[in-house]
Amino acid sequence: MGNGFIEAALSFPTVLLTPLLLLVIGYWLVVIVGGADPEAGHEHGALLGVPIPVFVSLLVALAWFGTLAGAQWPGPAPLWLVPLAALVAAAIVTRLVAIPLRRLLPTGPDASRADFVGLTCVIRTGRVTRTFGQAEVHAPDGSSAIVQVRQTGADELGAGTVALIYDVDPEAEFFWVVPADIAKKGL
């Protein structure tokens with residue numbers, strides 16, 4: 001069985017796309033070991049809906065299988081039409097697969113700690129000092145997180161107090177907070 005498969009992969013018309021399939025396999029092996037970014041060219045693939053490497057990989061794999069199957073098809077059509085028909089069919093199927101596939105891919109920038117700056121949080125520890133404190137913050141997407149918080153003043157920030165996150169310390173991985181009602185304190 002193995003000899004028949006190799007013979008079919010190395011015979012006309014499949015042999016035309018076999019080197020491209022080997023390149024695609026090699027590319028994804030490089031991606032797996034971290035040597036390439038599979039989302040490279042995603043900004044140019046807006047019309048495709050998926051990153052260009054994903055689209056091209058699907059196109060080549062489907063066209064290769066199409067030529068492999070088409071070469072075995074007993075019919076009156078000349079063998080040189082098989083690669084053309086396989087490429088057209090692969091392009092159509094790849095485009096149809098890309099439509100639902102794009103929903104699985106992330107969109108927009110990656111989330112960062114800086115996204116919490118400007119949001120309010122609820123203190124969850126008994127107090128917040130210069131060196132201690134935790135709070136729960138809700139992101140605009142509805143998710144919540146328990147984060148480390150600190151304050152520079154001597155405000156009473158105890159459990160249940162609503163505070164405003166005004167800065168982040170990325171090295172120490174905590175947020176600076178002030179009481180949310182700080183504007184009313186001077187009145």
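This passage describes the fold, the annotated spans, the surface and selected residues of a predicted model.

The protein contains four helices and five strands. Counted from the N terminus, these elements follow the order α-α-α-α-β-β-β-β-β. Of its 187 residues, 29% are buried. Among the contacts with a separation of 6 or more, 52% are between residues 24 or more positions apart. The accessible surface amounts to about 12,000 Å², and 67% of this area comes from carbon and sulfur atoms.

An unreviewed UniProt entry assigns the feature "transmembrane region" to residues 12–33, 45–65 and 77–98. In the model, residues 12–33 are 68% helix and 0% strand, with the end C-alpha atoms of the span 33 Å apart. For residues 77–98, the figures are 82% helix and 0% strand, and the end C-alpha atoms are separated by 30 Å.

A nonpolar patch is present on the surface. Its members are Phe5, Ile6, Leu10, Phe12, Val15, Leu16, Leu79, Trp80, Leu81 and Leu84, and together they have about 950 Å² of accessible area. Helix 1 (residues 2–9) and helix 4 each give two or more residues to this patch. One of the patch members, Leu16, is located in the loop between helix 1 and helix 2, the latter covering residues 18–32. Leu16 has a relative accessibility of 47% and is therefore classed as partly exposed, since this class lies between the limits of 20% and 50%.

Two further residues were examined, Thr94 and Arg102. Thr94 is part of helix 4, which covers residues 81–101. Its relative accessible area is 0%, so Thr94 is buried; the cut-off for this class is under 20%. When neighbours within four places in sequence are left aside, the contacts of Thr94 are with Phe55, Leu58, Leu59 and Leu62.

Arg102 lies in the loop that joins helix 4 to strand 1, the strand at residues 120–123. With a relative accessible area of 34%, Arg102 is partly exposed. Apart from residues up to four places away in sequence, Arg102 touches Gly49 and Val50. Arg102 and Val50 are 52 residues apart along the chain, yet their C-alpha atoms are separated by 5.5 Å.

Terms used
Residues are numbered from 1 along each chain as its sequence is written. This is a predicted model: local features need pLDDT of at least 70, side-chain atom pairs count only at pLDDT 80 or more; totals for chains, interfaces and linings use all residues. Side-chain values use heavy atoms; hydrogens and water are left out. Buried means under 20% relative accessible area, exposed over 50%, partly exposed in between (1.4 Å probe, protein chains only). Contact means heavy atoms within 4.5 Å. UniProt positions are given in the numbering used here, feature names are shortened, and annotations may be inferred rather than shown by experiment. Patches are made of residues with over 30% relative accessible area and no salt bridge: like charges are joined within 9 Å, nonpolar side chains (Val, Leu, Ile, Met, Phe, Trp, Tyr) within 5 Å. Accessible areas come from the Shrake-Rupley method with a 1.4 Å probe; for residues, only the protein chains shown count as cover. A salt bridge is a side-chain nitrogen of Lys or Arg within 4 Å of a carboxyl oxygen of Asp or Glu.
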